[in-house]
Amino acid sequence: MSDQSLALVLFSLFVAATLAITTWVSRNRHGSAEEFYAGGRLFSPLENGFAIAGDYMSAASFLGISGLISLFGYDGLLYSVGFLVAWLVVLFLVAELVRNCGRFTLADVVAARMSERPVRIAAGTSSVTVSVLYLVAQMVGAGSLVALLLGGTGGAVRAWTVVGVGALMVVYVSFGGMRATTWIQIVKAVLLMGGAIALTVLVLLRFHGDFNRLLLGAAERSGHGRAFLAPGLKYGGGWTARLDFLSLGLALVLGTAGLPHILSRFYTVPTARAARRSVVWAIGLIGGFYLMTIVLGFGAAALVGPDEVRRSSASGNTAVPLLAKFLGGDGMGGTILFSFVASVAFATILAVVAGITLASSASVAHDLYASLRRTRRRAHGRAAAPRSEVTVARVAAVGIGAVAIGLGLLAQDLNVAFLVGLAFAVAASANLPVLLYSLFWREFTTRGAVWSVYGGLVPAVLLVVFSPVVSGSPDSLFPGVDLQYFPLQNPGLVSIPLGFLAGWLGTVTSRESADEARHAETEVRSLTGAGAV
């Protein structure tokens with residue numbers, strides 16, 4: 001059996017298993033908002049820890065980071081370090097407090113002490129924007145993977161793959177909700193850790209367990225010598241490149257605490273203590289995984305070679321599957337290992353897109369739709385209907401899937417880790433400032449909250465639009481157009497401070513006074529859990 005055929009069989013088995021989970025869950029649900037958004041809050045810390053890891057270890061981690069390390073050596077390590085260190089911010093500042101203060105989304109935490117409608121609309125808009133950017137990265141990873149699997153890089157193959165992934169994620173979310181999504185992520189986390197461990201062991205065995213020999217072999221094969229193991233190959237070309245490096249690092253470290261699909265996972269456990277223990281489990285799994293991506297990246301550079309990786313995918317997204325094929329040899333072993341790794345990578349993409357789509361559709365229904373609906377119903381003296389909110393969330397999943405498919409088709413040639421870096425920058429600019437201000441600043445007002453969100457979101461998006469990512473260079477989305485006015489590829493260095501500044505400015509210029517009673521209530525709830533849902 002060819003590697004393509006075997007991988008397709010494994011793909012099909014995983015898709016069948018996930019659809020079976022979704023079908024089983026859809027038969028046992030009772031349709032409430034708590035069930036759809038939070039899985040009934042019935043998951044244990046261990047289960048949720050695996051699900052968080054499964055949600056976080058995306059195509060960017062498995063395909064993109066290893067690819068960047070195989071092409072740029074030391075500079076690619078920034079992603080591994082940034083993605084892991086970010087969890088310390090989540091653990092110490094966010095996890096327990098968010099679980100105690102909110103119900104389903106980021107906007108619940110902020111709106112607890114503010115005027116609800118403007119805050120929910122702002123936070124919902126920001127959450128959807130971040131989620132769509134993150135989804136695009138997963139779509140691009142899926143296209144690269146299946147194009148490699150089928151032995152071609154044609155646009156038609158990638159396009160149909162992106163459409164197929166989009167259709168599957170809509171099915172998962174619409175019919176299974178949070179419970180199905182969580183179990184899919186748990187299964188995926190186990191498969192991904194198993195695949196990464198197997199590949200890491202095989203790479204180290206090739207070098208007799210000597211990591212130093214691995215690094216020297218990668219440096220020699222790279223064509224850059226010792227420079228491959230030193231900073232500067234990607235981000236050392238001048239002050240612009242160095243500032244880009246700083247901007248990316250800032251976005252990665254601060255962005256995780258503002259990702260909607262990560263924050264929503266804290267609502268699936270019954271208590272704040274369980275949320276904290278979930279994060280501890282997740283950090284252990286994620287930390288081990290990112291250590292392995294370093295071995296896999298340098299292993300691909302040493303054994304496959306950067307030139308071969310570039311021939312398959314200019315941005316390095318196929319380095320790990322190519323490494324698996326090399327390690328397995330020319331016979332059946334190579335076919336089995338390549339097929340298993342390719343199917344695990346595809347499983348990674350499907351699980352992550354399901355979680356992101358659920359979080360963004362929850363923002364549309366629970367924040368945007370419900371806030372408008374509540375206002376209308378109050379005017380007529382009626383209560384809001386949670387079941388209609390769930391229906392809107394399912395419809396929203398279809399619309400978000402369509403947008404992500406369209407953008408995924410546009411961005412097919414960009415590195416997936418780089419695309420995720422953009423999503424992290426927007427999350428750190430728009431979501432993190434308003435979240436921290438709401439939790440820790442007594443004087444924070446509604447105007448400050450709205451200004452904080454838009455003051456980070458709008459500059460971040462505009463700076464990306466006018467950056468080399470979109471136009472003005474051969475690697476841009478639109479290489480034939482030149483709208484480049486901002487030199488950095490990642491906007492975090494500028495947009496993150498602007499988000500904090502806008503929140504402060506909106507608060508100090510606001511005519512309304514902060515509601516001391518509601519702040520006191522929120523503070524007690526966040527620290528003790530008294531009154532938490």
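A cavity is a set of points, on a 1 Å grid over the protein atoms alone, where a 1.4 Å probe fits but cannot get out. Its volume is the space filled by probe spheres set on the points, which are joined across faces, edges and corners. The structure considered here is a predicted model, in which local features need pLDDT of at least 70 and side-chain atom pairs count only at pLDDT 80 or more, while totals for chains, interfaces and linings use all residues. Residues are numbered from 1 along each chain as its sequence is written, and side-chain values use heavy atoms, without hydrogens and water.

A search of the whole structure finds four cavities of 30 Å³ or more. The largest cavity holds about 100 Å³ of space. It is lined by 14 residues (those with an atom within 4 Å of a point), and the closest to its centre are F104, T105, P260, S264 and A359. Helices are DSSP runs of H or I with at least four residues, numbered from the N terminus. Two elements, α11 (260-263) and α15 (332-379), each give two or more residues to this lining, and α15 gives the most, with four. By class, the lining has 10 nonpolar (Ala, Val, Leu, Ile, Met, Phe, Trp, Tyr, Cys and Pro), four polar and no charged residues (Asp, Glu, Lys and Arg).

Attention now turns to a single residue. L243 lies in helix α10, residues 239-255. L243 counts as partly exposed because its relative accessibility is 36%, between the limits of under 20% for buried and over 50% for exposed, with a 1.4 Å probe and protein chains only. Leaving aside residues up to four places away in sequence, L243 touches L488 and L493, where contact means heavy atoms within 4.5 Å. L243 and Q489 are 246 residues apart in sequence, and their C-alpha atoms are 9.7 Å apart in space.

Methods:
1 Å grid on protein atoms, 1.4 Å probe; cavity = no way out; pocket = protein on both sides within 12 Å on 5 of 7 lines; lining within 4 Å.
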